[in-house]
Amino acid sequence: MPERASPADWDLTPAVEPAEGSTDDADDVPEDVREYARFSKMDGAQYDRVNEFLRDRTYITAREWAIARLCADFRTETGVEMTKIGENLPELVPFMTDTYSPQAVNQARSAFEDKVRMAGATFLYGAMSGFFTADELDDLMYEVTEVAKFLLEVEGVDLAVEEELEAEERISSVMRDVRSASDELRHDGTECPNCGHTIDADASADD
């Protein structure tokens with residue numbers, strides 16, 4: 001797995017440069033937008049650099065990542081504030097330079113959800129198919145967990161070492177259960193190559 005980068009690797013030039021003679025109309029920006037600091041570690045980051053990092057490691061684009069996070073953070077009892085997100089996108093996310101329509105915000109969120117669903121199905125099939133040994137699956141889980149933790153850290157989530165270890169152990173435990181259950185399903189009615197007994201998935205499920 002490539003070495004974990006840091007937000008500094010994405011810093012080249014400011015993502016948003018005000019036009020000459022323009023003034024900062026801070027009074028026109030909603031208070032919750034001014035106070036939003038989720039992506040503050042990425043001040044000065046360029047969209048292309050962020051997008052390249054994500055495309056090398058995930059299915060999602062920088063646009064989809066940022067907007068999905070904003071939709072989660074700006075959710076109210078009546079729905080997601082898509083107009084507010086779109087109109088204030090450059091103020092909310094340093095590497096986004098354009099405003100978006102509510103329709104474009106919704107499309108990006110939908111694309112994120114679709115890709116997560118497809119990636120999840122792909123990963124679970126790989127984990128359940130028997131293509132990976134238990135050790136290989138552990139290595140794979142470590143790699144993808146490192147990428148996920150890095151994205152959370154960039155968003156401003158502070159993960160204590162104890163919390164990281166606990167989360168990793170929970171994930172590993174679940175994946176061991178998934179692999180064990182898939183072994184039973186794939187080999188139901190066949191003879192175990194290790195001990196010679198006939199595998200019965202239904203009987204195992206009842207135990």
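Contact here means that heavy atoms lie within 4.5 Å, while helices (H or I, at least four residues) and strands (E, at least two) are DSSP runs numbered from the N terminus.

## Basis of the model

This is a predicted model, in which local features need pLDDT of at least 70 and side-chain atom pairs count only at pLDDT 80 or more, whereas totals for chains, interfaces and linings use all residues. Residues are numbered from 1 along each chain as its sequence is written, and side-chain values use heavy atoms, with hydrogens and water left out.

The protein has an average pLDDT (the predictor's confidence in each residue, from 0 to 100) of 80, and 76% of the residues score at least 70. Residues 10-23 stay under 50 in pLDDT, and the model gives this stretch 27 contacts beyond four places in sequence. For residues 203-207 the pLDDT is also below 50, and this stretch has 1 contact in the model beyond near neighbours in sequence. Where pLDDT is low, the predicted coordinates should not be read in detail.

## Overall architecture

The secondary structure consists of 9 helices and 2 strands, which follow one another from the N terminus as α-α-α-β-β-α-α-α-α-α-α. Among contacts between residues at least 6 apart in sequence, 67% join residues at least 24 apart.

Of the 207 residues, 29% count as buried, where buried means under 20% relative accessible area, exposed means over 50%, and partly exposed lies in between (1.4 Å probe, protein chains only). The accessible surface comes to about 13,000 Å², of which 50% belongs to carbon and sulfur atoms; accessible areas come from the Shrake-Rupley method with a 1.4 Å probe, and for residues only the protein chains shown count as cover.

## Packing of α2 with α3

Two packed helices are described by the angle between their axes and the distance between the axes. The axes are lines fitted to C-alpha atoms, for helices over the stretch in contact, and the angles run from 0 to 180 degrees between N-to-C directions. The axes of α2 and α3 cross at roughly 95 degrees and come within 8 Å, and the two helices are therefore roughly perpendicular to each other (angles under 35 degrees count as roughly parallel, over 145 as roughly antiparallel, 65 to 115 as roughly perpendicular and the rest as oblique).

On the α2 side, Y47, V50, N51 and L54 meet A62, R63 and W65 of α3. These residues divide into 5 nonpolar, 1 polar and 1 charged, with Ala, Val, Leu, Ile, Met, Phe, Trp, Tyr, Cys and Pro counted as nonpolar, Asp, Glu, Lys and Arg as charged, and the others, Gly among them, as polar. N51, placed in helix α2 (residues 47-57), is buried with a relative accessible area of 13%; leaving aside neighbours within four places in sequence, N51 is in contact with T61 and A62.

## Packing of α3 with α6

Helix α3 (residues 62-73) also packs with helix α6 (residues 102-128), at an angle of about 100 degrees and with the axes 8 Å apart, and α3 and α6 are therefore roughly perpendicular to each other. The contact is made by R63, E64, I67, A68 and C71 of α3 together with A104, V105, A108, R109, A111, F112 and K115 of α6. By class, this contact has 8 nonpolar, no polar and 4 charged residues.

## Two further residues

N106 is found in helix α6 and counts as partly exposed at 33% relative accessibility. The C-alpha atoms of N106 and M82 are separated by 7.2 Å, although these residues are 24 apart along the chain.

F95, in the loop between α5 (89-92) and α6, counts as buried at 1% relative accessibility. Between the C-alpha atoms of F95 and A66, which are 29 residues apart along the chain, the separation is 9.2 Å.
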